[in-house]
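Visitor: I'm new to reading protein structures. Could you walk me through one?

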Amino acid sequence: MTQPDIRKSIARFLLSALVTLAVGAGFPTPSPAQEARRTEASYGIDTATLVAAESSPNDWLSYGRTYKEQRFSPLAQINKQTVADLGIAWMHTIGSKRGVQTTPLIVDGVMYATGAWSTVFALDVSTGEPLWDYDPQVPRQTAIKLCCGISNRGAALYQGRIFSGTLDGRLIALDADTGEQLWQTQTVDPEQPYSITGAPRIVKGNVVIGNGGAEFGVRGYISAYSSETGELVWRFYTVPGNPADGFENDVLKLAAETWTGSWWELGGGGTVWDSFVYDPELDLLYIGVGNGSPWNREHRSPGGGDNLFLSSIVALRPDTGEYVWHYQTTPGDTWDFTATQHIMLAELAIGGRVRKVLMQAPKNGFFYLLDRATGELLSAEKFVPTTWASHVDMATGRPVELPGVRYEEKPSVITPTAGGAHNWHPMSFSPEHGLVYIPTREATTIYAQADVYERETGVWRTGTGSSAISPIAFLSLPEPTGYLLAWDPVRQEERWRSDHEGADSGGTLATAGDLVFQGTPAGFLNAFDAGTGAQLWQHYVGAMVAPPITFAVGGKQYLTVVSGLGGLASNRSRPPGSPESRSRVIAFSLGAKGKALEQAPSRMPRVSAIDSSATADQINAGARTFNQYCGSCHRGESDGNIIADLRISSAQVFDRYQDIVLGGARLDRGMPSFKDYLSPQDVANIRAYILQARRLLVSMQGAADGL
Ligand code: CA
């Protein structure tokens, strides 16, 4: 062994001793033969293997399992008859309780997954033994430019290399066997508020990666890098830049005709932060484009316009990034109705003819079916109640908006919300039942013109959120709800649904065992009959919204979930510091008897009022500042977009407000320092506002007791 090898094996040993909770097993060292097999397996993953992933049923080779991204596994050892016999095979504790959105990859018995702060790790899937761990050392203050937590959704695998993005915009290539860094490349201007939380995809030997940051003022794009060298191959911008600089291509010149004003000063938005799907049959790459910067079109493009390619699905040539077609789900978006959500490919019989289709259930609440060769709209129907548009006009392909929904003259109550009828949580599809399983949210909020709108890059600015709307107005909105929806995409209608506690509905998995699996924010992993929705099994896993996956090794089928909070999750149901708030990889198999987690109570804690002597003016000023700087993460009233519900913080936290907000005392948990933006007086005002909101909560809890 060389020096680094020895260091690595010591580190491995310490790591496994510290963090693995291997059930009924020690910490076996892989034999040289096993090591060689692994090397061969991961090196063998090339374009041909990825295209033919359907014939590797035991593995999970890419983000959506195959290029169709249906998240349907042909494995059936775990099925309707046997599922009741599932038990815990092993658990591996990751640490941070937040940032868990990952879909692990599996190749020949090895799992590759990502964690909070863009970490990457490998495990042996038959024992849960850690193989390696990689930390890209993301500067913690990066969290100041993150919309929704310190999350990462997964990695990509190609020819013995693991690729993943980092919050600070790097794309990293690691040796799949050792976790050693092979190269890294900065994919964004580090001076700009871009971030990466999405999983890269491999397309013909290139690594395709997008980014986020529209709320902070950036210009969206997607890029392809050589998997070999990390060099840029192509880049496609989703929105036009400053016309004075000339356009990158003719299609952006045409797109610029759908914009007005000086949109480029704040980037325009249109980030591609989640879904990009390669279609080897048609040799097209479909990308889902996000909202504008800012949300409010009045500020972004004051003369109106569709603002292409915001909130659109765009098809590109995978070799060059050249535009082929697009379909815009929300023309002139003004609500953060992104079309970044899961894009899934399938062949469906429609009108007596088998069509190659693309499916998406974006934030705006409509389920879209497109012909993926041409972009032709085949159908679009509401999968949740929508109050912003009555229907999609099939003659024009455009939504028919209802009066007043653009909140230009006065505030408008809108369903769904910026949190989406469906967000990043992956859907799944059972070809056997012809059903799509959508993690669905129903929520309502109030959109209003911002009191003051300052064009400022690097700060959350949406051009919405008036402090004239009292917190009581938000509190009187219906509580958001979440459910698993089985949707027939051909008939465009609901087949069944299953309600669950908490609005942040988890990612789903469908299997040939006639099952659908889904986790809930209250911490349960559920299995349903894929055809009827009957619940067949449930297991407490702590907290969970990341999508489960399944695979087989040594003839045994496993189900794994990475449990933890996925970014949009609340401290309401998980007491901070409780063991349940830790994140873990949990593996299930038939007949396994590992010890289950102890179930923690899941409810809103009771709080009592904390005295404060603030004036009404201070509270109002605090409300305005909170809306501008804190609400994007901490506003819990309507969106479920809560990293922590500040009203229920402990008294000690209220004592430490200056330290936490200005001093960076919670930096490691993803709470950045706002010392460059806020004064001690601002912080005192925010505290006064939160204490006022707490008093309201206390009186509501008291009123509820009287019922
Ligand atoms: Ca957004």
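Visitor: Let's start with V125. Where is V125 found?

Guide: A quick word first: this is a predicted model, where local features need pLDDT of at least 70, side-chain atom pairs count only at pLDDT 80 or more, and totals for chains, interfaces and linings use all residues. Residues are numbered from 1 along each chain as its sequence is written, and side-chain values use heavy atoms, with hydrogens and water left out. Helices (H or I, at least four residues) and strands (E, at least two) are DSSP runs, numbered from the N terminus. Here, V125 sits in the loop between β6 (120–124) and β7 (130–134).

Visitor: Is V125 buried or exposed, and why?

Guide: Buried means under 20% relative accessible area, exposed over 50%, and partly exposed in between (1.4 Å probe, protein chains only). V125 has 0% relative accessibility, so V125 counts as buried.

Visitor: And which residues does V125 touch?

Guide: Contact means heavy atoms within 4.5 Å. Leaving out residues up to four places away in sequence, V125 touches W90, I106, G109, V110, M111, F551, V553 and Y558.

Visitor: What are the protein donors of the calcium ion?

Guide: Donors are N, O and S atoms within 2.8 Å of the metal (3.2 Å for Na, K and Ca); water is not among the atoms, so sites may look incomplete. In this model they are E215 (OE), N291 (OD1), D336 (OD) and D336 (OD), lying 2.3 to 3.0 Å from the calcium ion. N291 lies in the loop between β17 (284–288) and α5 (297–300), and D336 in the loop between β19 (323–328) and β20 (343–350), so the pair ties together parts that are 45 residues apart in sequence. Both N291 and D336 are buried.

Visitor: Now the sheets. What order do the strands have in the open sheet of four strands?

Guide: Two strands pair if DSSP finds at least two bridges between them. The order is β20-β21-β22-β23, with antiparallel pairing. The edge strands, β20 and β23 (377–382), each pair on one side only. Eight bridges join β20 to β21 (residues 353–360), and I350 has R353 as its bridge partner in β21.

Visitor: Which strands form a hairpin?

Guide: That's β24 and β25, with four residues between them; G397 in the turn has a positive phi of about 75°. Three bridges join β24 (residues 389–393) to β25 (residues 398–401), and the two run antiparallel.
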